[in-house]
Amino acid sequence: MLSTIAIESLKRRKTTAILTLLSITISISLLLCVDIIRSQVKTSFTRTVSGVDLIVGAPSGQLNLLLSSVFNIGTPTKGIEYKSVASLKSNKQVSWLIPLSLGDTHRGFRVVGTTNSFFDHFKYGDMQSLQLSDGATFTQPLSTVVGADIAESLGYEVGDKIIISHGLGSVSFNNHDDHPFTISGILDKTGTPVDKAVYVTLQGLEEAHTGPKHSPTSMLGRKSSNKSTADEHEHDEHTGEHETYNSEAFAPESVSVVMLGLKHRVTALQLQYQINQSKKEPLMAILPGMALAELWQIMGNVESLLLGLSGLIVICALIGLATMLLATMRERYQEIAVLRTIGAGPFTLLLLIQIEAMLLTMLSALLSLGLVAGLMSVLKPWLSSTYGLFLSSPLFGQSSVIIILLILGCTYLVSLFPAVAAYKRGLHAGLNTN
């Protein structure tokens, strides 16, 4: 009966009640959005690279190796000799290997020397593979594949030629003008550092630095890429595809980093220990998942700050609810007197006010849950393609339940102020009646 009375009372003051409802709904929705984005960003951040079991480089510290190889930030390590790379490749536990050579730029964007194995095995998000929006992967030694952001900001298309520069500065006076690279492909947007990188062949990168080497492997790569146009057309007519350039055939003197995929992930710790204890060449192997988690801990204060600010917004909205109930108390003197006349005690009036407040908050919470779920489903494709934020189910976890319960608890406490005022008014009305 009290709930029915509370609903009818809110209907009589529907304009004020609706505005208060909207205020609480918006604030709860904001808090839920921040909580969801916070948890999903953490999950997506730790999946910036997925499927890579170990990252191997020269000893330089776990975070430095992670930042230089995955995020293209900081100074790359001094590099590891290719004989160590060949040894890792021949290891029975290794399924595949991606060599990366760092240290060059193109108009402020990082250049990464690698092989076609990068496009075959590198994954991000929920084990999503890299896709090309246009063109193909490396088709000849001086091929390059550019990220989506670079193609968009610089207006590049397949077939355009670019010049890379030595060093990591935004401005370089040491350009490799004699070795222009031809864009063979443009990657789809991933929302990860891949979008802001230029990928070139290890062979092309070595030739840009030292000039072409006439080693058997180098010549093999050149012969496969220097076929006559007539032969290429004939091949296209039969297969419908371009000749695949064997980027794995070239062996550089050294590379900066190596990414490993293992046949059995449970052997990752064992292989990491073996690599770190290697006496042939000082090497350091890191588990990318653990390194990403460590990096996130450093950034954890930002998420706590956002959550705290959103909590303050909800508290302000609840204070607004209490203010609304207190402001309308004078208008309800007659209502209180009638309730007292029909036998309602002061404590009943106190409960009535609290029920009104709880009804408004619970309805706001339900509206917020529906609003946030709808908003996230609409924005899901945009968030994944633009920011690399991959929303995974369920959206509302244990933290969302705790937030709703805390808000209801705060509503109860805040509503005590107008409820006590109604209680006192009920006592006064009872005395006057007597």
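Hi everyone, let me start with K83, which counts as exposed at 61% relative accessibility; exposed is over 50% relative accessible area, buried is under 20%, and partly exposed lies in between, using a 1.4 Å probe and protein chains only. Before going on: this is a predicted model, where local features need pLDDT of at least 70, side-chain atom pairs count only at pLDDT 80 or more, and totals for chains, interfaces and linings use all residues. Residues are numbered from 1 along each chain as its sequence is written, and side-chain values use heavy atoms, leaving out hydrogens and water.

K83 meets E81 in a salt bridge at 3.4 Å, N to O, the rule being a Lys or Arg side-chain nitrogen within 4 Å of an Asp or Glu carboxyl oxygen. E81 is partly exposed, at 38%.

How many salt bridges does this rule give? The count comes to 6. One of them pairs E356 with R13, with the closest N and O atoms 2.9 Å apart. E356 sits in helix α13 and R13 in the loop between α1 and α2, so the pair ties together parts 343 residues apart in sequence; helices are DSSP runs of H or I, at least four residues, and strands are runs of E, at least two, numbered from the N terminus. Both E356 and R13 are buried.

Now to strand β11, residues 181-187. Is it buried or exposed? 7 of its 7 residues are buried, so β11 is largely enclosed by the rest of the structure. Strand β8 runs parallel to β11, joined by 4 bridges, where pairing takes at least two DSSP bridges. Strand β7 runs antiparallel to β11, with 3 bridges, and G135 stands opposite G185.
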